Amino acid sequence: MKNHTSTLDIVKASKSKIEDTDFENLTFGKVFTDHMMECDYVDGAWQTPKIKPYGPLQLDPSAKVFHYGQAVFEGMKAFKDKDDHIWLFRPDENFRRINRSSERLAIPAFPEEYFFSALEELLKIDKDWIKKGFGNSLYIRPFVIATEEGVSAAPAKKYKFMIICSPAQAYYSGEVRVQFSEKYSRAADGGVGFAKAAGNYAAQFYPTNLAKDAGFQQVIWTDANTHEYLEEAGTMNIFFRVGDKLITAPTSDRILDGVTRKSVITLAEEFNIPLEVRRVKVKEIIDAAKSGELKEIFGTGTATVINPIRGFGYAGEKYELPKLEDSYAKVFKDKLMKIQYNETEDKYGWRYAV
Ligand code: COI
């Protein structure tokens, strides 16, 4: 997978913003590094990728992204180890997934050699923005937008593939409580739920605001047909621990094939933690909470890593989860971080040296 070389146009920023950045008090996704990658699709081909100073774009107001939401994105992270080496975590998964998302939104696939050579160069140019230490990372946001002007409802003929980077610490500050959705849905059969389509996220904002008003930070979406099955949280895939057994919903055309999710599934096997990948009934989880068998719920995602859920709400009732010394969430998080920060053996070949 290595040896991605391709021609890049590089223009360096005249002045760095790094001195003005307070790395001890970062709000997720608010500060961006000095450079970005931009690559245009015109005349049926992706052009030479450019690395240039981070800054605003100029787009025609009729660009299709504004009207029809033809846009997809990815979330990845770079980590710095004790010896200043930079690592990505399973970037091949993100590369494949952005092209799967693009295909569903009728966006042309992006070439692998452009993706990796531009990403590596960008990370090398902005390497000082990646801070050492568990919890510090550089969040990487590749995305594609339809830039062709004109409001006819048809796929664009022009696109921009971009990568922007933001120094990151925790995604959620404080404890997370979730509401199980009774009415709203995130995705439907045959739809775009499996894709990281921008509109999937916009559609969650309104019901999530309602959940926030009721004292929750996130919603766990249930299936659109019956609302009887728990699917994913939108920013995270979800795992339930009932007794010693872990349960997570299978991926489908409604559920994102999360990279952290699949890594946890592999680690569960390594740790001999019993795991069932199957549909999870709301009723089963409520019954387990009432009987005391529900030990943990946690979310997995690139931005959030492994996020314990402290409690949840459903049908007007609130449930709290116990605080465990030996939580699975902690075991998985410790192991994943050790792999990501090059502090342990990488037996699955998940680390990618930049
Ligand atoms: C990620 O975890 O990288 C995501 O894309 C979720 C996003 C809402 C922050």
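Residues are numbered from 1 along each chain as its sequence is written. The model is predicted, so local features need pLDDT of at least 70 and side-chain atom pairs count only at pLDDT 80 or more, while totals for chains, interfaces and linings use all residues.

Reader: How many helices and strands are in the protein?
Author: Both come from DSSP runs, numbered from the N terminus: helices are H or I with at least four residues, strands are E with at least two. The count is seven helices and 20 strands.

Reader: What is the radius of gyration of the protein?
Author: The radius is taken over C-alpha atoms, and the globule rule is 2.2 Å times the number of residues to the power 0.38. For 354 residues the rule gives 20 Å. The protein is close to that, so it is as compact as a globular protein of that length, with a radius of 21 Å.

Reader: What share of the residues is buried?
Author: A residue is buried if 20 or more other C-beta atoms lie within 10 Å of its own, exposed if 12 or fewer, and partly exposed in between; C-beta atoms are placed from the backbone. Of the 354 residues, the buried share is 40%.

Reader: Which residues surround the ligand?
Author: Ala, Val, Leu, Ile, Met, Phe, Trp, Tyr, Cys and Pro count as nonpolar, Asp, Glu, Lys and Arg as charged, and the others, Gly among them, as polar. The shell holds two nonpolar, four polar and no charged residues. They are Gly75, Tyr201, Thr235, Gly301, Thr302 and Ala303.

Reader: Is strand 10 covered on one face or on both?
Author: In a regular strand the side chains alternate between the two faces of the sheet. Strand 10 (residues 176–180) has five of five residues buried, so it is largely enclosed by the rest of the structure. Val176, Val178 and Phe180 lie on one side, Arg177 and Gln179 on the other, and the faces covered are both.

Reader: Which residue of strand 11 stands opposite Phe180?
Author: Two strands pair if DSSP finds at least two bridges between them. Strand 10 and strand 11 (residues 218–220) pair in the parallel sense over three bridges. Opposite Phe180 stands Ile220.

Reader: Which residue of strand 18 stands opposite Gln179?
Author: Strand 18 (residues 305–314) also pairs with strand 10 in the parallel sense, over four bridges. Gln179 faces Gly313.

Reader: Which residue is the bridge partner of Lys77 in strand 8?
Author: Lys77 belongs to strand 6 (residues 76–80), where it is buried on one face with Phe79. Strand 6 and strand 8 (residues 137–146) pair in the antiparallel sense over three bridges. The partner of Lys77 is Tyr139.

Reader: Which residue in the turn between strand 6 and strand 7 has a positive phi?
Author: Three bridges join strand 6 to strand 7 (residues 86–89), and the two run antiparallel. They form a hairpin with five residues between them. Phi is about 70° at Asp84.

Reader: Is Asp43 buried or exposed?
Author: Asp43 lies in the loop between strand 2 (35–42) and strand 3 (45–46). Its phi is near 50°, a positive value in a residue other than glycine. With 8 C-beta neighbours inside 10 Å, Asp43 counts as exposed.

Reader: Where is Asn272 found?
Author: Phi of Asn272 is near 55°, a positive value in a residue other than glycine. Asn272 is exposed, with 7 other C-beta atoms within 10 Å. Its place is the loop between helix 5 (259–270) and strand 15 (275–277).

Definitions and conventions: A residue is near a molecule or strand if its C-beta atom, placed from the backbone, lies within 6 Å of it.
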